[in-house]
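The following questions and answers examine a structural model. Please consult the sequence and coordinates shown here before reading on.

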Amino acid sequence: MGCGSCGTGKPNGCKSNGGCSTGGCNRLNVHDWLMNLPLSDADSGCKIVEITFGHGSRKDFYRNATLHQFEKGEYVTLEGVSGFDVGEVSLTGELVRIQMKKKGVDEFNPDIKKIIRRSSDKDLEMFHQNKAREREGLMKSREIARELNLQMKLTELEIQADGKKATFFYTADDRVDFRELIKRYAGEFRVKVEMRQIGIRQEAGKVGGIGSCGRELCCSTWLTDFKSVTTTAARYQNLSINQTKLSGQCGRLKCCLNFELDTYLDALQQFPENADTLDTAKGMANLIKKDIFKNLMWYVLPESNKQYPLTIQRVKEIKRLNYKGEKVEELMPVDLAAAKLAEVDHGFVDVVGQISLKTLEKDSRRRRDQQENDRRNTGNDRQQRPPQQGGGGNNNPNQQRGGGQQGQQQRPPQQQQRPPQQRPPQDRPPQQGSGGNNPNQQRNQQQRPPFNRPPQQRPPQDRPPQDRPPQGKPPQQKPPDDRPPLDKK
């Protein structure tokens with residue numbers, strides 16, 4: 001309940017030590033949304049101020065007969081019973097007039113008590129001293145009531161600021177004889193005793209607590225007028241009549257059952273009336289529940305536990321046929337399984353996976369092999385291009401990009417320009433890879449100058465494979481068993 005906008009500058013709320021604009025330190029607080037509204041006539045403004053006692057435990061209206069303008073959170077001295085009392089200002093201005101009209105209090109009633117002055121230091125000192133007596137006095141008063149065997153439960157004790165009056169709040173189911181009890185209290189506390197009976201719901205609001213919803217009780221934070229709650233509200237909302245779940249901290253039905261009751265009643269207006277039973281060929285179908293969110297009505301047939309969800313239109317159609325004396329053969333229920341999406345159970349899914357070094361090594365090796373093949377294919381394409389002028393091997397960038405082993409096997413320029421030996425082709429030693437698959441040999445053969453001998457009148461098919469000129473497409477390599485024997489010299 002801490003707030004950071006306190007006049008005292010404390011970080012955890014004002015704790016009733018100063019003005020707090022959020023009102024987090026007070027129960028049953030009302031935000032003054034008309035506080036900054038300018039008034040055209042100051043004399044016509046509301047002269048009634050709402051005062052709270054016991055941190056919001058009790059509120060009352062007092063007339064401001066002084067010339068002071070009080071702010072929210074200030075302590076003021078009020079008229080009391082045979083003395084004075086001290087309270088905290090909780091609401092001022094025009095909003096007080098709205099609150100008085102809501103509670104049925106006449107603004108011009110002469111019985112309304114007045115504000116005497118702004119509380120002085122002496123008034124506040126006496127006020128805190130008497131407030132410190134309340135806890136011990138409540139325990140003592142409960143002991144006295146137990147000794148007298150009175151069927152009552154004391155909830156709260158409120159002592160007036162000047163210590164001349166004490167108000168005892170209690171709850172009881174039957175009438176209680178207070179004649180002996182008041183004498184004991186007056187002699188024990190030396191004050192004027194007032195006994196005030198409250199309801200069980202008001203008791204829960206004074207004590208406070210946490211509800212089943214996880215929030216503070218509505219009766220201790222904002223709910224002021226309590227309406228009767230019945231089990232009919234639970235039936236309209238299709239809630240199970242479970243006393244444990246429907247009861248609040250006070251032991252009565254929860255007030256929140258009435259909060260959404262109007263919404264349910266508005267939604268139920270479109271459902272057909274007198275549709276508790278439907279006459280069918282299999283028997284009389286009885287209504288068991290209504291689903292206002294899906295607009296379905298659930299029926300069950302005799303001698304069967306199966307439930308049939310029907311739409312509102314289908315129920316109206318069956319009722320119209322029953323009025324004519326006809327019975328329907330089938331109810332034609334709604335297939336909820338088809339409308340509902342199938343939920344797939346994926347089970348355990350390993351989103352991280354397992355990392356293996358062998359897998360990474362295989363991937364990297366496969367990637368390197370793919371890059372090497374791409375590089376070789378690129379070098380072969382460049383080697384098949386016609387040589388440029390000034391065909392120096394080191395000055396040609398295309399030849400230098402051959403890469404790998406092919407670049408190392410290239411001959412230097414002076415070796416490529418050397419004239420070949422005058423040696424018959426059949427006496428030449430056989431070269432490795434003589435199938436014409438070596439691109440370096442094809443390139444060297446293309447760059448060599450022609451022989452100084454007359455061309456032989458020999459058909460191309462009779463020539464040995466070593467003397468054949470390179471074709472546009474290199475011949476395919478034959479298997480080893482089909483190759484001719486090689487000369488070993």
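Contact here means heavy atoms within 4.5 Å. The model is a predicted one.

Q: With which residues is cysteine 46 in contact, leaving aside its neighbours within four places in sequence?
A: Cysteine 46 lies in the segment before β1 (48-53). Once the neighbours within four places in sequence are set aside, the residues in contact with cysteine 46 are Gly93, Glu94, Val96, Arg97 and Glu107.

Q: Is cysteine 46 buried or exposed?
A: Buried means under 20% relative accessible area. Cysteine 46 has a relative accessible area of 13%, so cysteine 46 is buried.

Q: How far apart in space are cysteine 46 and asparagine 64, C-alpha to C-alpha?
A: In sequence, cysteine 46 and asparagine 64 are 18 residues apart. In space, their C-alpha to C-alpha distance is 9.1 Å.

Q: How many disulfides does a search of the whole structure find?
A: A disulfide requires a pair of cysteine sulfur atoms within 2.5 Å. For cysteine 256, the nearest cysteine sulfur is that of cysteine 218, 6.6 Å away, and cysteine 256 is in no disulfide. Cysteine 256 counts as partly exposed, at 38% relative accessibility. Over the whole structure, the number of disulfides found is zero.

Q: Which residues of the largest nonpolar core touch the most other members?
A: This core has 20 residues. The elements giving two or more residues to it are α2 (121-147), β6 (153-159), β7 (165-171), α3 (179-189) and β8 (192-197). Not counting residues up to four places away in sequence, phenylalanine 168 touches residues including Leu154, Tyr185 and Met195. The members that touch the most others are Met152, Leu154, Phe168, Leu181, Tyr185 and Met195.

Q: What arc around the axis do the buried residues of α9 cover?
A: In α9, the buried residues are Ile312, Arg314, Val315, Ile318, Lys319 and Asn322. They are on the same side of α9, because around the axis they cover an arc of only 160°.

Q: Against which strands do the buried residues of α9 pack?
A: Helix α9 (residues 312-323) has twelve residues and reaches 17 Å from its first C-alpha to its last, close to the expected 16 Å. Glycine 325, with a positive phi near 90°, follows α9. The buried residues of α9 pack against β9 (277-280), β11 (296-300) and β12 (307-311).

How values were computed. Residues are numbered from 1 along each chain as its sequence is written. This is a predicted model: local features need pLDDT of at least 70, side-chain atom pairs count only at pLDDT 80 or more; totals for chains, interfaces and linings use all residues. Side-chain values use heavy atoms; hydrogens and water are left out. Helices (H or I, at least four residues) and strands (E, at least two) are DSSP runs, numbered from the N terminus. The expected span of a helix is 1.5 Å times one less than its number of residues. Buried means under 20% relative accessible area, exposed over 50%, partly exposed in between (1.4 Å probe, protein chains only). The arc is that of the directions from the helix axis to the C-beta atoms. A nonpolar core is a set of buried Ala, Val, Leu, Ile, Met, Phe, Trp, Tyr and Cys residues joined through side-chain atoms within 4.5 Å.
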